[in-house]
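Dear colleague,

Please find below the structure that I am passing on to you, followed by a short account of what was found in it.

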Amino acid sequence: MPFSAARRLMATFHPAGDHLVALVKGAPSNVVARCSSVLTARGVAPLDPEGRAELLEQNRVLAARGLRVIALADAEVGEAREDALTALTFLAFAGMLDPPAAGVKETIAAVREAGIRVVMLTGDQRLTGEAVARGLGLLDRDNQVLEGVELDRLSDEMLTERMAETAVVSRSTPEGKLRVIAALQRRGESVAMLGDGVNDAAALRQADIGVAMGRRGSDMAKEAADLVLADDRFPTTAAAIEEGRVIFDNIRKFVFYLFSCNLAEILVLLVAGIAGLPAPLLPLQILWLNLLTDTAPALALAVEPAEPGVMRRPPRARSESLLTAALARRRWAMPARSPR
């Protein structure tokens, strides 16, 4: 019985004489809820509500350390069906440490300084996601954790409001990821989604920019994404953002330079035409001037290095045009002389 986001557990069935043995693993709360007994040092004992609460407390202790916890159980069943998994025997918890990759914490700090929010969507339980997010610097007094079950109960309007303060979504499902992205887009934010699994394909397509992992990503995720990372490293995204800002700045400088140079030629021709004078510049002369005075400086502007603080300024508005009045004032403003 394969794992599903709805049941949050999986099972395999093995013949043992005239019956089957079901081996179960899955989310601690879901597995413990199906258990009626527990394996102890003295053998199998009944599991009462107090024992079930004690098991869940042990799970919380493990999860608070940032461990990814799964519960293990078994049972003798008559048929290989899901509804036969109702009287399991709890065996153990398994806590696995899956630390963030190198450079993730520093990258999150860098992109936050650039005015970019990072929202972590995880299938882990709330405490595990919260512990990992705190270690990465994602959670502070202004941010909170939203659980998948709670997300499902929120209307679109309420979710849009909650996403203003949400930094972590635990127990996220493919449907939940779609709703989170849609809520952020309703807030007027441009959303980039990073994913690698089949369950991320729909969210990658919904996002403004879908980014898939090139090495460990599934084929479906790569097909749904707009960009594919060749090295799967999260710091690569920050490098791409910085490079994108540099390219946009250089395009803007390039266009502004050509616009200002050609404007002078247009004004000369316009004034001569209004005054009834002969054309001061012939087409071949204009072309020659452009080749001599525009090409080399414009190409130099196109390959300029990054300006200081390019990753310490907020993102530009999506509606902002390439040439703005503020840019023109800044480019044409003459610096004041320093007093002697």
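The lining of the largest cavity divides into two nonpolar, four polar and two charged residues (Ala, Val, Leu, Ile, Met, Phe, Trp, Tyr, Cys and Pro count as nonpolar, Asp, Glu, Lys and Arg as charged, and the others, Gly among them, as polar). This is a predicted model, in which local features need pLDDT of at least 70 and side-chain atom pairs count only at pLDDT 80 or more, while totals for chains, interfaces and linings use all residues. Residues are numbered from 1 along each chain as its sequence is written, and side-chain values use heavy atoms, with hydrogens and water left out.

The cavity in question holds about 30 Å³ of space. Its lining consists of Gly 148, Leu 151, Asp 152, Val 169, Arg 171, Ser 172, Thr 173 and Gly 176. On a 1 Å grid over the protein atoms alone, a cavity is a set of points where a 1.4 Å probe fits but cannot get out, and lining residues have an atom within 4 Å of a point.

Turning to the helices (DSSP runs of H or I, at least four residues, numbered from the N terminus), H10 (residues 235-275) and H12 (residues 295-302) pack at an angle of about 160°, with their axes 8 Å apart. The two are therefore roughly antiparallel (angles over 145 degrees, on a scale from 0 to 180 degrees between N-to-C directions, with axes fitted to C-alpha atoms over the stretch in contact).

Yours sincerely

Terms used
Parallel < 35°, antiparallel > 145°, perpendicular 65-115°, else oblique. 1 Å grid on protein atoms, 1.4 Å probe; cavity = no way out; pocket = protein on both sides within 12 Å on 5 of 7 lines; lining within 4 Å. Points joined across faces, edges and corners; volume = space filled by probe spheres on them.
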